[in-house]
Amino acid sequence: MSKSSAHAAIEAVARDSYGRLIAYVASRAGDVAGAEDALSDAFAAALERWPTDGVPQKPEAWLLRVARNRMIDVTRRRQVRENYEKSFLQLADEAEELAATNEHFPDERLKLLFVCAHPAIDPAARTPLMLQTVLGIDAARIASAFLVSPAAMSQRLVRAKNKIRDAAIPFRVPEPPELEERVWFVLDGIYSAYTTGWESLTEVGSTHHALAADAIAIGRTLVQLMPSEPEARGLLALMLHCEARSAARYASNGEFVPLDQQDSALWSRPMMDEAENHLRSAAAFKRMGRYQLEAAIQSIHANRAVSGIINWPEIALLYEGLAQIAPGIGSLVGRAVAIAQAGNPAEGFAALEEIPASRVATYQPYWAARGHLLKMLNKKSEAQEAFTRAASLTDDPALRDYLFKRVSENA
Amino acid sequence: MKYAMLVYQSQETFDRRDDAAIAAGRAYGEALQAAGVFVGGAGLDSPQAATTVSLRDGKRRVHDGPYAETKEFLGGFGIIDVPNLDTALEWAARHPAAAHSSIEIRPLMGFYFPGGANKASQ
């Protein structure tokens, strides 16, 4: 066995099975940090042994057995909570069994996702925790994507992992009626990874934007783990529709291009098709939800690639539904714009005016929408004010330039 | 796994305690016992009944009142033995005080908590 092929085998296992290995060990030990340490030792042992001994027939089972031994050592040295002693022993038995049989080890990633998004975990740690444990992304990269220092991010992650172990947050998939709320936390954690990555698309290829791809990867995993949860498919469809447009969002000179003016030939057909497939399968469950509605809105925008037109009345209707189940300012602003675009600018503006001022003071999309609607109503100086306010609220330089351009258009 | 349920209440809640509230507390305690998860616990008298003591430089300092003057005071505590945090949260949500006060769930440090605490005090 050559050194390089052993290394290639180790890399392949790390790439394809890391999240499953962590989930499996952590769920048995009730301890994410301990599972990570044990697996990292197991990978180190593989780097040492596989080049000379050859790659074992069942690499995952080999790694699990080493990780198991390591965890037992740690347990002996440390005071361990009584109820985990049993599960450690169970882990030991199972590792032996896995090595002896042809069965693949159980996939516990769904339980891990529910632990990462548990309400007892600091909300700011949930998404980073998912990225690190399920995809194996290192803390430094996560830190740069979330614009915090690597030390601060590491500390946040360590604190969350300690909480999981010390408070004994259970590795389980909640049962209804709790399930519905808890799924929402998981979906929200994934979507927050996506929007964090999406917001700064200007730097394509940056760690920032890579996060959007990571979020889609977790979204795909979630669909695979919860095939009959329509909202998981809705979320994936939403992310895919948005991601399909990444090449069209900025012109070649770096200028921001708003969605309804993008060149639809630049949109990714395969991603849109995948999104549509997931939306269709989700619809079959006849259980509408926030992410399916948001994806349906994006689906109508995507349809412009075929029909050449945007069905605004349909979008307004979907926002109406969205505003009822998720009355965030995002859906209220979207609804007002859609009403205006559907041919009723005065009515759209009235809907915008109904949103309490205290909620929109720093919400950039509101001010951009307000400028747009005022312009439709031919109130130029007020439109100018709104666009100026919007421009001062964005941290995306390309979007800022675009908004200032709208200001001067209304001069 | 043992958890402490610490009930934090405002002064107004203390002042409003009536027979119905006490009966609800007792029924809750009985439910914990019936489920076999109850380790111990009690409701506490009002913070006005508290006296705080500390030892500094070998001298005993005693002062009237609770440790800190805060908006909410410890109004009672319970110790339960359940498999995990989710189960502990379920029990805490059933606590009659959960509807108006806050209940903090904290794992006990098993290391310092021998199971025979009751026997030791007998």
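Two residues are in contact if their C-beta atoms, placed from the backbone, lie within 7 Å. Keep that cut-off in mind during this tour, which moves through a predicted model.

**First stop: a glycine in chain A**

Select A:Gly136, which you will find in the loop between helix 6 (123-135) and helix 7 (139-145) of chain A.

**Second stop: two packed helices**

Two packed helices are described by the angle between their axes and the distance between the axes. Select helix 1 (residues 3-29) of chain A together with helix 5 (residues 109-116) of chain A, which pack at an angle of about 75° with their axes 8 Å apart. This angle makes helix 1 of chain A roughly perpendicular to helix 5 of chain A. To see the contact itself, show the side chains of A:Gly19, A:Arg20, A:Ile22, A:Ala23, A:Ala26 and A:Ser27 on helix 1 of chain A, and those of A:Arg109, A:Lys111 and A:Leu112 on helix 5 of chain A. Sorted by class, the residues of this contact are four nonpolar, two polar and three charged.

The C-alpha trace of chain A spans about 75 × 50 × 40 Å along its principal axes, and 42% of the 411 residues of chain A count as buried.

Strands of a sheet pair through backbone hydrogen bonds, either parallel or antiparallel. Turn to chain B, where four strands form an open sheet in the order 2-5-1-6 with antiparallel pairing. Its edge strands are strand 2 (38-43) and strand 6 of chain B, each of which pairs on one side only, and the twist averages 20° from one strand to the next. Helix 2 (residues 19-34) of chain B packs on this sheet and touches strand 2 and strand 5 of chain B, and the direction of the helix makes about 170° with that of strand 2 of chain B.

Next, select strand 1 (residues 2-10) of chain B, which pairs with strand 5 (residues 72-81) of chain B in the antiparallel sense over nine bridges; here B:Ser10 stands opposite B:Glu72. Strand 1 of chain B also runs antiparallel to strand 6 (residues 102-107) of chain B, to which six bridges join it, and in strand 6 the bridge partner of B:Ala4 is B:Arg106.

**Last stop: a hairpin in chain B**

Finish with strand 3 (residues 51-56) of chain B, where the number of buried residues is zero out of six, so the strand lies largely in the open. Strand 3 of chain B pairs with strand 4 (residues 59-64) of chain B in the antiparallel sense over six bridges, with B:Arg56 opposite B:Lys59. Two residues lie between the strands of this hairpin, in which B:Asp57 takes a positive phi near 50°.

Key
Residues are numbered from 1 along each chain as its sequence is written. Chains are lettered from A and ligands numbered from 1 in the order in which they are written. This is a predicted model: local features need pLDDT of at least 70, side-chain atom pairs count only at pLDDT 80 or more; totals for chains, interfaces and linings use all residues. Two strands pair if DSSP finds at least two bridges between them. A residue is buried if 20 or more other C-beta atoms lie within 10 Å of its own, exposed if 12 or fewer, and partly exposed in between; C-beta atoms are placed from the backbone. Axes are lines fitted to C-alpha atoms, for helices over the stretch in contact, and angles run from 0 to 180 degrees between N-to-C directions. Angles under 35 degrees count as roughly parallel, over 145 as roughly antiparallel, 65 to 115 as roughly perpendicular and the rest as oblique. Ala, Val, Leu, Ile, Met, Phe, Trp, Tyr, Cys and Pro count as nonpolar, Asp, Glu, Lys and Arg as charged, and the others, Gly among them, as polar.
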